[in-house]
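Open the model in your viewer and get ready to select residues by number. We will go stop by stop.

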Amino acid sequence: MTALVSTLSPGNEPRSASPTQRAATTLRVGHLIKSLGRGGAEGLLAPQIRAGRELGHSCAVAYFLPWKDALVAEIAASGAPVQCLGARSSLGLLLRAGRVRRWIRASGLDLLHCHLPLAGVAGRLAARGLGVPLVYTEHNLQPRYRRATRALSRTTWGLQDQVVAVSEEVAASIRQHLGDRVPVEAVLNRIDVERFAAPTASAELRAELGLEEGAPVIGAACVFRRQKRLDLWLEAAAHIHRRRPQTRFLLVGDGPLLSEVEATARQLGLESALRLPGLQPDITGHLALMDVFLISSDFEGLPLALLEAMAAGVPVVATAAGGIPQVLRGDLAESLCPLGDADALAARVLERLDHPERSAVLASLGQQRVRADHSVERMTTELDQIYRRLVAA
């Protein structure tokens, strides 16, 4: 990993790139984020950087937590140099504002784009007085953050030029709790649509996972956190399994609740039906095995896994959390269920399994929706308009 990442500290700073050496239309954009482990916000960076090259963006990326580096290689391969700023803890990254400041200067940035709350706080403190416009992307509703995190955000909120919200609901939450002293604009999360289009169901992967040929597969891909309500997901799975014992359940991911998920599965008698393959660098093959993608979250911004499943042509059943109804609108709204209702989730999944023709129609509508509204190229174009407006000002 040392060939891809260096740790920024006094005496180990890259030389500044001269703005006069860059084309007039080029924007040097820095992305600052807490970590580069596998997560929604982190996963957006590489495709955004690739799409940004077509618009004249030259990007650099910095992160804080050295042990969360799963995406470093992918981001470096996208053409962006990556710096680790070497924080020892989540809160410790706030003490790295000086290193962020040196990275901004050394990278010759025209604009700084911060992602997630603590990186946003550190970026605001670091960028003061540098004359570099600062954009911050908010991925969640304000009440979902810890009180200390919200206090730090509120204290430094005015030290930025533009806030981007990943859904209209997130934008409304910002205005309700933090006011309108900083402009807020919704730019929906979007994905590399072509990457997930027409995935192939591999017989080898099916065999590796022990999924019998012809058995329906209900799946999900997420970090195992409380907000995902995997207890509810498993309860719905148990309902489905009682009705259709041949059904198998595929939960791709990992996280702090893994042992709890395993224990709940045992209590519900799902050990033989549940597959837990862990974190995967590429889930396209797993998506191809799924007959229904099931989301049980209590709260969300706009989950990328939802868009990825839709792009792969997998019918979706989901709780009406966060920005999900913004995507599953119109004819796709029949895929929505109330929060916290395992019975409703199970019933809707069984409908999909019992009516494959309707499921195929909804899958096709989902693919069309993602292709039209949620391509990473569209997201990057919208961000480019914000960037250039701020730099020109």
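This is a predicted model: local features need pLDDT of at least 70, side-chain atom pairs count only at pLDDT 80 or more; totals for chains, interfaces and linings use all residues.

**Stop 1: the largest core**

Select Leu 32, Leu 36, Phe 64, Ile 75, Ile 104, Leu 112 and Phe 293. These residues have the most contacts inside the largest nonpolar core, which holds 104 residues.

Go back to Leu 36. What does Leu 36 contact, leaving aside its neighbours within four places in sequence? The list includes Leu 45, Val 61, Leu 71, Val 72, Ile 75 and Val 82. Glu 42, Lys 68 and Asp 69 are also among the contacts of Leu 36.

**Stop 2: the open sheet**

Switch to a cartoon view. Six strands form an open sheet with parallel pairing. Follow the order E11-E10-E9-E12-E13-E14. The edge strands are E11 (274-278) and E14 (336-337), and each pairs on one side only.

Zoom in on E9 and E10, residues 248-252 for the latter. E9 and E10 pair in the parallel sense over five bridges. For one of these, select Val 217 and look for its bridge partner in E10, Arg 248.

**Stop 3: the largest cavity**

How many cavities of 30 Å³ or more does a search of the whole structure find? The search finds two. Start with the largest cavity, with about 100 Å³ of space. Select Leu 44, Gln 48, Thr 137, Met 379 and Leu 383. Of the 15 lining residues, these lie nearest the centre of the largest cavity.

Colour helix H1 (40-53), strand E5 (111-115) and helix H16 (376-392). Each supplies at least two residues of this lining. H1 gives the most, with four residues. The lining of the largest cavity has nine nonpolar residues, six polar and no charged.

**Stop 4: the second largest cavity**

Move on to the second largest cavity, with a volume of about 60 Å³. Select Met 310, Val 314, Pro 315, Val 316, Leu 328, Leu 332, Ser 335, Leu 362, Ala 363 and Gly 366. These residues line the second largest cavity. Helix H15, residues 356-373, provides the largest share of the lining, with three residues. This lining divides into eight nonpolar residues, two polar and no charged.

**Stop 5**

Most residues other than glycine have a negative phi. Look at two with a positive value.

Select Leu 116, in the loop between E5 and helix H4 (117-127). The phi of Leu 116 is near 80 degrees. Is Leu 116 buried or exposed? Leu 116 counts as buried because its relative accessibility is 18%, under the 20% cut-off.

Next select Arg 229, in the loop between strand E9 (217-221) and helix H9 (230-243). Arg 229 is not a glycine, yet its phi is positive, about 50 degrees.

**Stop 6: a buried histidine**

Finish at His 374, in the loop between H15 and H16. His 374 has a relative accessible area of 1%, so this residue is buried. Which residues does His 374 touch, not counting those up to four places away in sequence? Show Leu 188, Asn 189, Arg 190, Ile 191 and Val 193, then Leu 302, Leu 307, Val 327 and Arg 369.

Note on methods
Residues are numbered from 1 along each chain as its sequence is written. Side-chain values use heavy atoms; hydrogens and water are left out. A nonpolar core is a set of buried Ala, Val, Leu, Ile, Met, Phe, Trp, Tyr and Cys residues joined through side-chain atoms within 4.5 Å. Buried means under 20% relative accessible area, exposed over 50%, partly exposed in between (1.4 Å probe, protein chains only). Contact means heavy atoms within 4.5 Å. On a 1 Å grid over the protein atoms alone, a cavity is a set of points where a 1.4 Å probe fits but cannot get out, and a pocket is an open set with protein on both sides within 12 Å along at least five of seven lines; lining residues have an atom within 4 Å of a point. Grid points are joined across faces, edges and corners, and a volume is the space filled by probe spheres set on the points. Ala, Val, Leu, Ile, Met, Phe, Trp, Tyr, Cys and Pro count as nonpolar, Asp, Glu, Lys and Arg as charged, and the others, Gly among them, as polar. Two strands pair if DSSP finds at least two bridges between them.
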